[in-house]
Amino acid sequence: MSSIPKTEQSTSSQGFRKTGEQAISQTPLHPRRRSRRIMVGSVPVGGGAPISVQSMTNTVTADINATLQQIAELAAAGCDIVRVAVPSQDDADALPIIAKKSPIPVIADIHFQSKYVFQAIDAGCAAVRVNPGNIRKFDQVGPEICKAATDAGISLRIGVNAGSLDKDIYARYGGPTPEALVASALKEAHMFEDVGFHDFKISVKHHDPVTTVQTYRLLASKGDWPLHLGVTEAGPSWQGTIKSCLAFGALLAEGIGDTIRVSLSAPPVEEVKVGCKILEYLGLRQRHFDIISCPSCGRAQVDVIELAKEVTEGLKDITAPIRVAVMGCIVNGPGEAREADLGVASGNGKGQIIIKGKVVQTVPEDQIVPTLLERAKEIAAQMDAKAAAEGETLPEAGPMVVPVTGRAS
């Protein structure tokens, strides 16, 4: 496998999402798998680059205004790369404007019609996702696609899905097994590489998280391609979140994965929120606002569920890495609140407001939420001011950059 150039083994002093600098990100759980680096517009993928979060618009791409509005919302939520569907000529015709005006790199998602691949490249898209299993005569047009991508200086994604596996491979392996998905991916990867094209990443998606983990592990052992993680058709928000957390948690904890997309039957912004939090909690992205709240139990003397919900909603726009503890009784409340930047230990119709381990105020129960919100915003403003004074930038939503001091195997 290729090694990371020495010039890439330093931390960029500028924002990753804005500059696409060759920064390195490392998980505290396991050395990152060594993959080669490609670029999706200004965003580096692979080669140790911070793991990027992707989503896909659910608007009709031909509706340019609606699509750009949704892309702006996704970018504000922390999305690094966005994919748009191109099932029709009208959608393909809209790509030049969308690619030009989008605040983040745009990937065109192409199925069946290879002509749209070439239109997307000409339109200035940062990358194109192709599904070899359903592109007509892909073996014939693949080399032409590679040449067009090379000439335009863009990357491609080979997207293999269990639901659209090549018929011959499906029959040979008796279904969308990990071996079948990997065989399909290797077939197309080798075809690209045989014509000298290397700027591509691969995804091998399945709806079952266990199969997904097995498939990516197998693929990761076969070469150094950057890998796009995803559990396809994951289901409604709660179910899809669980599936994605299981699969991504297992793979990322092993150092496998260079960019992710959480697939939910929910608004795309929810996909981005889940993806960002997965990376935050694995230490792979800067932590933003985080809430610690106890489960509801018979000891609770306040409605912890409602209290946590109101605090979360009130602080949803906070970007400073502030941790707030909302506790419902005195068993764990004081201790948990002591470890947070701000907390409340509730009981007997009142709440003790705790900042950095010290009780600073006691308020009636009906004043807990407004007091916490006021205090939290004050602390967040202090964090912002301190960072500005020290010449630092608190994270917008971009991946965490951690310097690598040694070589990962």
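At 0% relative accessibility, Phe-200 is buried (under 20% relative accessible area, with exposed over 50% and partly exposed in between; 1.4 Å probe, protein chains only). The model is predicted, so local features need pLDDT of at least 70 and side-chain atom pairs 80 or more, while totals for chains, interfaces and linings use all residues. Residues are numbered from 1 along each chain as its sequence is written, and side-chain values use heavy atoms, with hydrogens and water left out.

**Exercise 1.** Work out which residues form the aromatic cluster with Phe-200.

*Solution.* Start with the pair criterion: rings of Phe, Tyr and Trp (its six-membered ring) pair if their centres lie within 6.5 Å; planes under 30 degrees apart are stacked, over 60 edge-to-face, the rest tilted. Phe-197 and Phe-200 have ring centres 6.4 Å apart and planes at 15°, so this pair is stacked. Next, Phe-192 and Phe-200 come out edge-to-face, at 5.3 Å centre to centre and 85° between the planes. Put together, Phe-192, Phe-197 and Phe-200 make one aromatic cluster. As for burial, Phe-192 has a relative accessible area of 0%, and Phe-197 is buried too.

**Exercise 2.** Find the charged end that sits over the ring of Phe-200.

*Solution.* The test asks for NZ of Lys or CZ of Arg within 6 Å of the ring centre and within 35 degrees of the ring normal. Arg-36 passes, with its charged end 5.1 Å from the centre of the Phe-200 ring.

**Exercise 3.** Check the span of helix α8 and see what covers its buried residues.

*Solution.* Helices (H or I, at least four residues) and strands (E, at least two) are DSSP runs, numbered from the N terminus. The expected span is 1.5 Å times one less than the number of residues. Buried residues of α8 include Val-213, Tyr-216 and Leu-219. Their cover includes α7 (178-194), β8 (200-205), β9 (228-229) and α9 (237-253), where contact means heavy atoms within 4.5 Å.
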